[in-house]
Amino acid sequence: MRRYVAAIDQGTTSSRCIVFDRRGRVVGVAQREHEQLFPRPGWVEHDAETIWRNTESVIGEVLERNGLGADDIAAVGVTNQRETTVVWERATGKPIHHAIVWQDTRTDRLVTELGGEAGPTRYQDRTGLPLSTYFAGPKLRWILDHVPGAQERAEAGELCFGTIDSWVLRNLTGRHITDVTNASRTMLMDLRTLQWDSEICAEFRIPEAMLPEIRSSSEVYREITSGPLRGVPVAGILGDQQAATFGQACLIPGEAKNTYGTGNFMLLNTGTTPVFSKHGLLTTVCYRLGDQPAVYALEGSIAVTGSLVQWFRDNLGIIDSAEEIEELASSVADNGGAYIVPAFSGLFAPRWRPDARGVIAGLTRFVNKAHLARAVLESTAFQTLEVVDAMRADAESQRLDLELTTLKVDGGMTGNDLLMQFQSDILDVPVVRPVVTETTALGAAYAAGLAVGYWSGTDDIRANWAADTTWQPSMSAEDREEHIAAWNKAVERTYNWVD
């Protein structure tokens, strides 16, 4: 009897395999971290072959630990770090370059060239995205430009491109495919047709022959061809933030979630018509179930949140583990007037300032390491506020009934009560954490399970969702306004650092 669904969650810092039951509860999990490669300032890479080896390992580990086999698993879903880019040889499956990670900024001059006289918005009406170092298309163009012979080999059909979902699917099943959510993060897909845009591909000089086939987020793609899950169908693919939105049961226009991970990603379900932002947000595909119409979302992407805690730990050595930051921050009543703006890779939504770099503002002799710890946590909440304000502005300007009344949250940082309370205070809305916080993997599991009938429909997903903790706002309006004004002054100090 196939009692469970498995999800492969290939993230920025680790690969995991999680097994879920029908109620959406975790049965077992295995995880392996991989190395972050920083060959030059602003460059971030991963070894794609290591990622695949780790993925193989965690699949085997979670099954062995829990006494499970292929006969117990109804389907497998895949979720992934979205814009990270891999190019491999079609014949051998060997990558021709390290994967270029979504945080990488090496394409800053290239995206300016691609924008030409039209600037960053050149393709936004078709792709929903501004030209930015964030997205996969320019990263692919960089690989074709800098790996000897790559352009010629791509034009000859010898090379394949994919985001990490395609790389994992290639190794699991031998198929070269992606889903609409990941394709929507490349700058190469038309949001309305859900197909590769031939004109954009030509202007990027990217041969369409190297692009994967675009499929829905929930359908049987192919059975796994080897390993302990041989014969189990892969039936769901969702980019990590869309997967978290699906796992959070944000299935109605106006429902939103915020994931607190390496970066922060807030998605607001806008229904079956794409809404194009006028306030610095991205328009993206939220999910597509089989042959049903695609559902779209507005997204605010923040580059540095959880990774700021890692920087505080690893680069400054002020704490020994990420968990220590809450106790340290709680030892003082406030931030002591200090604000940290972590524009390590420029500023993402809604400001989109690639010229920005990080600052610590408001320092006095009074400020100590505890104040800085608090400023690290608060920066995540302030950046989230900027995204919420942009969503509210878009809703108002386009007369959309999409008012945010509560914020569903997930991700590792939601275990930090101090941060969650400050988030509620600065947003002035309740913040709700669900019982099952593994919402990214759960969303991929739901997509796969729906495709094979393990769950009968989205009503099952909604019924599984349950609140665990709710934080209510308690900050005065005066204090809130004072904090926000100081934050904005600090952000403005980051501008024009890179020429």
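**Aromatic rings and a buried threonine**

Thr107 touches Thr133, Pro138, Lys139 and Trp142, leaving aside residues up to four places away in sequence; touching here means heavy atoms within 4.5 Å. Welcome to a predicted model, where local features need pLDDT of at least 70, side-chain atom pairs count only at pLDDT 80 or more, and totals for chains, interfaces and linings use all residues. Residues are numbered from 1 along each chain as its sequence is written, and side-chain values use heavy atoms, without hydrogens and water.

**Around Thr107**
- Thr107 sits in the loop between β7 (99-100) and α2 (108-115); helices (H or I, at least four residues) and strands (E, at least two) are DSSP runs, numbered from the N terminus.
- Thr107 counts as buried because its relative accessible area is 1%, and buried means under 20% with a 1.4 Å probe and protein chains only.

**Aromatic pairs**
- The whole structure holds 17 aromatic pairs, meaning Phe, Tyr or Trp rings (for Trp, the six-membered ring) with centres within 6.5 Å; planes under 30 degrees apart are stacked, over 60 edge-to-face, and the rest tilted.
- Tyr134 and Phe348 make a tilted pair, with 4.7 Å between centres and 40° between planes.
- This pair links distant parts of the chain, 214 residues apart: Tyr134 is in the loop between α3 (124-127) and α4 (136-146), and Phe348 in the loop between β19 (339-341) and β20 (359-361).
- Both Tyr134 and Phe348 are buried.
- Ring pairs join Trp102, Tyr134, Phe135, Phe265, Phe348 and Trp352 into a cluster.

**Charges over rings**
- Arg106 lies over the face of Trp142, 4.5 Å from the ring centre; this requires NZ of Lys or CZ of Arg within 6 Å of the ring centre and within 35 degrees of the ring normal.
- Lys408 lies over the face of Trp465, at 4.3 Å from the ring centre.

Definitions and conventions: Buried means under 20% relative accessible area, exposed over 50%, partly exposed in between (1.4 Å probe, protein chains only).
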